[in-house]
Amino acid sequence: MCRAYYGRHGPFGCAPAIFGDESGPSFYDGPVARTYEIRTHGCQMNEHDSERIAGLLEADGLLPAGPGTPADVVVLNTCCIRENADNKLYGTLGHLKSVKAAQPGMEIVVAGCLAQKDRDGVRERAPYVDVVLGTHNVGRVAELLSESRRSGPLTEVLDAAVIDDHALFPTALPAVRDVAYLAWVTIQIGCDNSCAFCIVPSVRGEEMSKPFGELVAEVEALAADGVTEVTLLGQNVNSYGRDLTLAMRADDAGHHDHVAVAGPGWNSGERRARPLFADLLRAVGAVDGIRRVRFTSPHPKDLRPDTILAMADTPEVCEHLHLPLQSGSDSVLSAMRRGYTADRYLERLRDARAGVADLAVTTDIIIGFPGETEADFEATLALAAEAEYDGAYTFIYSPRTGTEAAAWSDKFVDHAVAVARMDRLRAVIERSMTRRYADRVGRIEEVQIEGPSKKDPSRLTGRTRQNKLVHFASRGPIRSGSYATIEVTGSGLSHMLGELVEVTHQATHRTRIPVSAI
Ligand code: 5AD
Ligand code: SF4
């Protein structure tokens with residue numbers, strides 16, 4: 001998949017780091033600890049799964065491998081949304097085969113969507129892989145590794161999450177967060193929609209929401225650990241809770257207390273059978289210590305006024321909405337089975353902008369969906385221009401085996417045509433981005449400090465509530481994760497320049513000590 005991205009890159013990588021002040025295995029007691037490395041592809045859901053895998057492996061006594069040092073356990077967390085993912089996986093596995101031959105005891109794990117979809121393929125083409133596990137049993141990685149040590153290579157891929165087994169939900173604990181003050185919180189897994197281009201429903205299964213009380217408790221635990229910003233993750237966050245029945249809630253003893261803090265409307269005689277995403281936004285925003293709440297992604301067809309109201313009246317919820325458009329043509333939207341028209345999308349967008357002051361909006365757009373004509377594409381260009389996006393991910397359509405649209409090969413758009421359309425779309429997006437960033441000049445913005453600027457380490461970089469980067473000079477070091485106010489003095493396509501006004505909140509999370517420094 002050809003992908004251009006303007007906006008926030010996932011803040012998590014797999015930089016080797018451990019908590020310096022946590023008890024656990026050290027380099028000096030007993031035999032040398034085994035090490036692990038996780039290579040993550042794909043979306044934030046995968047990034048989060050990787051954090052969880054890291055947490056489980058560390059709980060099992062492994063340490064992150066240092067840079068350039070071969071790891072004892074290599075985990076490939078795969079994604080099948082991207083084009084060529086299969087070729088890349090088998091290329092990497094071919095290389096790892098020779099590394100493993102030269103390093104007895106090395107273990108290879110293949111996890112993620114591609115493993116879910118192509119379990120037999122992995123086993124057949126790379127029999128030396130020790131563990132193949134799917135998207136529903138990430139939590140079993142350590143057990144499966146130890147089972148494979150005893151009884152040889154194994155594959156465990158479940159076809160669906162098992163209802164009521166909450167352990168199936170990725171939890172932020174005991175994940176190893178690469179950035180200590182930010183956390184992903186998975187509120188829902190799977191997806192009940194059936195967009196014709198999308199492989200997610202078949203690899204992630206039916207939509208299941210994590211119970212409300214458990215989510216609030218998870219955010220409370222994160223906040224106690226010094227996390228100040230959480231991003232709520234789901235394939236279709238607005239439909240959060242659709243599957244939560246009254247019965248489940250009644251079983252969840254702690255739940256009713258949390259419901260009580262869910263905000264006005266919850267107990268107002270309406271007695272809804274399930275919590276809404278809006279309730280979750282309010283409850284998470286109310287957790288002591290949480291200063292910023294983000295979420296991704298809402299589906300335009302399900303973006304209801306109550307969500308907008310909750311965004312507007314919960315000060316912690318940031319003024320940023322990622323609202324995937326996919327196409328601006330009604331006939332393409334209908335072929336995609338998106339459940340909205342271009343007008344409906346724009347109406348939702350107008351409502352969101354009217355309801356939430358100073359809202360930044362980003363999107364996903366697919367170019368060259370089967371059957372997309374020049375007129376369809378021009379409708380996308382026109383909508384993108386009207387929407388005045390702050391950023392967009394743009395993708396060239398890539399057929400995913402097993403999806404509806406993959407069978408429409410007679411309607412596939414020529415690749416060169418799609419590439420040329422992508423360039424035209426990017427020009428439109430860049431125009432609105434440039435304006436939206438320039439509009440910030442002269443304002444005072446709150447930023448969360450990320451660390452030294454990558455291009456000019458004498459400056460610091462911070463992220464605004466709208467999810468925009470600001471580079472600014474500082475008279476002294478400021479701890480990452482702290483908050484400050486900045487006067488914006490200049491702007492570029494996807495960044496701003498500014499002057500520090502004042503530090504408003506010092507970070508309190510625990511410090512991590514790089515392994516190499518121990
Ligand atoms: N081809 C191109 N883009 C895709 N996306 C999902 N599936 C495909 C595909 N087959 C894009 C959509 C979605 C984003 C996460 O990835 O825009 O919103
Ligand atoms: Fe895929 Fe559509 Fe579900 Fe998003 S809403 S995960 S695009 S099927």
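The points below comment on the confidence, the nonpolar cores and the aromatic contacts of this predicted model.

1. Confidence. The protein averages a pLDDT of 83, and 82% of the residues score at least 70. Over residues 251-271 the pLDDT is below 50, although this stretch has 32 contacts in the model beyond its near neighbours in sequence. The pLDDT is also below 50 over residues 512-518, for which the model has 22 contacts beyond near neighbours in sequence.

2. Overall make-up. The protein holds 15 helices and 22 strands, and of its 518 residues 55% count as buried. If one takes the contacts between residues at least 6 apart in sequence, 75% of them join residues at least 24 apart.

3. The largest nonpolar core. This core has 72 residues, of which V230 and L232 touch the most other members. Helix α15, which spans residues 415-438, gives the most to the core, with 7 residues. Because domain 2 (181-318) and domain 3 (444-505) both give residues to it, the core lies between these two domains. As a general background, nonpolar side chains in soluble globular proteins tend to be buried together.

4. The surroundings of V230. When neighbours within four places in sequence are left aside, V230 is in contact with A183, V185, V219, L222, V284, I290, R292, V293 and R294.

5. The structure holds 7 aromatic pairs. One of them is formed by F369 and Y397, which are edge-to-face, with 5.5 Å from centre to centre and 75° between the planes. F369 lies in the loop between β15 (360-367) and α14 (374-387), while Y397 lies in the loop between β16 (391-396) and α15, so the pair ties together parts that are 28 residues apart in sequence. Both partners are on the buried side of the 20% cut-off: F369 counts as buried because its relative accessibility is 0%, and Y397 counts as buried because its relative accessibility is 10%.

6. Y393 and F395 form an aromatic pair that is stacked, with 6.2 Å from centre to centre and 15° between the planes. Y393 is buried, with a relative accessible area of 15%, and F395 is likewise buried, with a relative accessible area of 11%. Elsewhere in the list of ring contacts, F197, F369, Y397, W408 and F412 are linked into a cluster by ring pairs.

7. Charges over rings. The charged end of R291 sits over the ring of Y483, at 4.6 Å from the centre of that ring. The charged end of K468 is placed over the ring of Y437, at 5.0 Å from the ring centre.

8. The loop at L244. L244 has its place in the loop between β12 (229-233) and α8 (246-251), and this residue counts as buried because its relative accessibility is 5%. The C-alpha atom of L244 is separated by 8.0 Å from that of P275, a residue 31 places away along the chain.

Key: Residues numbered from 1 in each chain as written. Chains lettered and ligands numbered in written order. Predicted model: local features only at pLDDT ≥ 70, side-chain atom pairs only at ≥ 80, totals over all residues. Heavy atoms only, no water. pLDDT = per-residue confidence, 0-100. Contact = heavy atoms within 4.5 Å. Core = buried A, V, L, I, M, F, W, Y, C linked by side-chain atoms within 4.5 Å. Buried < 20%, exposed > 50% of the residue type's maximum accessible area, 1.4 Å probe, protein only. Helix = DSSP H or I, 4+ residues; strand = E, 2+ residues; numbered from the N terminus. Domains from an automatic or database assignment. Phe/Tyr/Trp six-rings, centres within 6.5 Å; stacked < 30°, edge-to-face > 60°. Lys NZ or Arg CZ within 6 Å of the ring centre and 35° of its normal.
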